[in-house]
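This briefing is intended for reading alongside the sequence and the three-dimensional model. Please keep both in view.

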Amino acid sequence: MPRFSVIVPAYKVQAYLQDCLESVLGQSYPDLEVIAVDDCSPDACGALVDEFAVRDARVRPVHLPENGGVGAARNAGIEHATGDYLVFVDGDDTLAPDALRAIADRIKEAGDPEVIVYDHANALWTGETVRSPFLGQLTEQGPVPFRLDDRPLLLKLPLVAWNKAYQREFVERENLTFPPGADADIPWTVPALLAAESVATLDRVCVHHRRPRQNTDAPTDRGHFDIHEQYDRLFAFVDARPELTRWRPVLFRRMVDQLMSVLARTDRLPSGARAEFLRKSRAHYRRYRTPGAAVPLRARLRHLLVRTGSYRTYRAVRLASALRRRITRLVKSLARSVRSSALRLHYRVQRRLPLRADRAVFTSHSGRGYGCNPGALEAAFRSFVPGMRTAWVARPEHHHTLPTATARVRPGTARYWTALARSKYLVNNGSWDERFVKRAGQTVIRTQYGTPLKRMGLDLQDRPAAARDTDFTALLADVDTWDHCLSANRHSTLVWERVFPGGYATLETGQPRNDVFQQATSTDVTRLRESLGIPEGSVAILYAPTHRDYQRGARLTLDLERVLRQLGPRYVLLTRAHHVYDAPLTDASGGRLIDVTDHPSIESLCLASDALVTDYSSLMFDYANLDRPIVVHADDWEAYEAARGTYFDLRAFPPGAVARSEDELIDIFATGHWRGSRSTQLRTAFRERFCPYDDGRAAERVVRRLVLGETTGQTVTPLAERHPVPSAAAGFAGAPLASVPHPQLSPDGAPALNGS
């Protein structure tokens with residue numbers, strides 16, 4: 001008997017069914033059966049189901065003789081199911097990687113609850129994946145498992161069957177079935193939650209629910225009229241059980257909200273049927289209203305419209321609301337125009353006032369927060385130049401990262417334009433506002449982000465996937481404002497001067513942000529590890545992949561939980577998504593898998609870790625200064641090279657071991673090659689080429705030369721004489737540290753190193 005019976009109804013979803021079934025069969029938890037129900041689909045769904053059944057014995061195809069709707073298809077799947085738990089996945093949706101394993105673990109933790117509710121993300125037609133807004137209802141509050149009485153807010157979640165797993169014995173005991181018609185999930189989901197004696201939640205995205213592009217044409221079918229009958233069935237269920245009477249006001253308010261939602265959507269009802277739908281809704285309002293039940297203030301207008309049932313009134317209210325929104329937008333637009341004009345005038349006035357030689361303004365990553373090379377230089381300006389006053393441009397949500405001695409400036413404000421107009425020094429790792437006008441006497445310092453591996457600047461002109469909407473004319477106009485460009489090594493100098501051609505002077509000073517690697521102490525490392533929750537005696541691996549120009553969202557090909565399971569309890573993974581994404585790499589953060597995407601300092605994360613795993617991120621050039629192990633996970637080199645392009649083949653000149661797959665990555669750590677002699681040799685050669693100046697005094701050199709005017713006596717400490725702070729794991733005895741019993745080796749009998 002399998003643990004899960006995954007029921008997949010299929011009707012007119014041939015374009016998505018293959019991805020759906022592969023997402024289920026590819027789960028890391030294999031104890032399952034798939035009941036794939038062809039609901040007499042006129043397309044190729046039936047043939048696809050049969051093909052998968054031939055390929056995988058876990059697929060049990062069911063072909064219905066006539067189309068009965070999603071409810072009938074799910075009922076047929078239930079009849080054929082033999083698993084402990086029922087999981088419903090629509091034929092155009094997908095299961096998230098490792099979803100079933102997470103659900104199984106939660107079921108075990110919660111003591112086999114009758115229903116477990118988990119989170120989902122909406123997969124938009126644009127390629128974006130947006131997590132549902134109902135996260136708060138899935139966090140644990142009180143005992144587990146629980147009854148709905150303990151967590152009534154669960155009814156605020158979408159009333160759908162596919163965000164829950166149901167104990168099959170519970171479903172059979174309660175005689176739960178799906179009714180015919182549209183919106184069949186309502187009289188299934190609510191009775192299941194009301195009847196369950198034990199419910200648990202899982203705060204993890206387990207389903208990617210496809211949201212198709214909204215059709216601008218009004219539908220011709222009247223399927224959503226079925227919602228009235230579905231609520232008839234739901235209230236009949238409640239009325240048959242006197243102990244559930246207290247739920248009637250809650251369900252009544254939920255019904256009103258859904259009826260108004262259907263009415264408001266242009267893709268739900270035929271245009272000529274809206275008045276009829278509202279009249280029918282009025283009848284249901286009167287039928288199921290509980291006298292004396294309070295209606296929240298914010299919902300009273302909705303209730304009034306349904307109670308009266310007047311479509312003219314409804315249209316008048318809609319038109320009034322639309323008019324109000326238009327007026328509001330117009331007023332805001334006028335206010336923005338007035339403000340913009342005032343700021344332009346303010347900026348012109350400020351540019352005519354004298355420059356302030358004791359002022360410097362900094363920013364990083366388009367106003368994200370304090371850090372990177374500008375952050376290190378800002379601290380050096382204050383340390384080495386008496387009387388220097390600094391300001392940092394950052395969005396308000398990042399102001400907490402700024403030191404107290406630095407003035408906080410919000411982008412686009414009058415104070416911002418004053419700083420740009422009157423500060424003598426302007427330091428940025430990106431571009432200033434396109435309206436910025438450089439004044440005579442100002443010094444603009446471009447620090448860049450780091451050493452370039454991927455193609456940059458003008459080299460992207462023949463790389464449309466990477467260039468996207470880059471305005472190369474504007475790019476060169478920005479370059480013309482630079483006075484100095486910092487470089488970490490000769491490789492960077494040659495690249496920057498070619499892809500950003502201009503009249504600036506290149507300064508090979510090293511990366512100021514890397515100074516901390518030579519200045520930090522073992523006490524600092526211990527403190528940082530404690531603040532991140534890294535257990536004592538653990539090996540902390542920082543996993544920081546870069547973004548992909550050929551993909552819209554974050555790309556994660558590693559099963560991070562599997563990697564940790566394979567390596568054993570001594571390993572911890574610190575996962576950091578690239579800053580262009582607004583989401584972590586994984587939703588399963590906790591325990592030995594720690595998400596550090598929002599941590600303000602990448603340098604602190606480097607110091608706290610014992611090894612770096614990355615793909616093509618420039619972070620590897622910075623991390624090499626720590627002289628700690630680096631492992632490159634290059635599983636898509638050809639695709640990355642084709643889309644973005646690189647300046648050299650990283651596989652031929654890597655900073656350490658190279659893994660082409662997840663298994664090779666595990667082997668590298670399991671066998672100890674991640675910190676072996678060959679990896680050390682590779683890292684040494686890499687440091688000699690790319691880290692000649694990062695001796696801990698790069699920021700000081702910049703300030704002494706550009707601000708204090710010192711042009712002599714700025715020596716660089718040779719690599720052999722540098723002693724970066726060792727990692728916490730440097731003194732661990734014995735190798736390997738992992739607990740993988742039998743590493744999987746490459747065809748030549750050894751883990752992959754140096755691309756071989």
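The structure is a predicted model, in which local features need pLDDT of at least 70, side-chain atom pairs count only at pLDDT 80 or more, and totals for chains, interfaces and linings use all residues. Residues are numbered from 1 along each chain as its sequence is written, and side-chain values use heavy atoms, with hydrogens and water left out.

**Overall chain**

- The protein chain contains 25 helices and 22 strands; these are DSSP runs numbered from the N terminus, with helices (H or I) of at least four residues and strands (E) of at least two.
- The C-alpha trace spans about 90 × 70 × 50 Å along its principal axes.
- Of the 756 residues, 53% are buried; buried means under 20% relative accessible area, exposed over 50%, and partly exposed in between (1.4 Å probe, protein chains only).
- Among contacts with a separation of 6 or more, 73% join residues 24 or more positions apart, a contact being heavy atoms within 4.5 Å.
- The chain exposes about 33,500 Å², of which carbon and sulfur atoms supply 51%; accessible areas come from the Shrake-Rupley method with a 1.4 Å probe, and for residues only the protein chains shown count as cover.

**Surface patches**

- Patches are made of residues with over 30% relative accessible area and no salt bridge, joining like charges within 9 Å and nonpolar side chains (Val, Leu, Ile, Met, Phe, Trp, Tyr) within 5 Å.
- A salt bridge is a side-chain nitrogen of Lys or Arg within 4 Å of a carboxyl oxygen of Asp or Glu.
- Arg318, Arg324, Arg325, Arg326 and Arg329 form a surface patch of positive charge; Lys and Arg count as positive and Asp and Glu as negative, while His and the chain ends are not counted, and a charge is placed at NZ of Lys, CZ of Arg, CG of Asp or CD of Glu.
- Arg324 belongs to helix H11 (residues 311-351) and is exposed, at 55% relative accessible area.

**Buried sites**

- Gly450 sits in the loop between strand S14 (443-446) and helix H14 (464-467) and counts as buried because its relative accessible area is 6%.
- Beyond its neighbours within four places in sequence, Gly450 contacts Trp496, Gln511 and Arg513.
- Gly450 and Ala488 are separated by 38 residues in sequence and by 7.4 Å in space, C-alpha to C-alpha.
- Thr493, in helix H16 (residues 490-499), is buried at 8% relative accessibility.
- Apart from its neighbours within four places in sequence, Thr493 contacts Ser487, Thr506 and Glu508.
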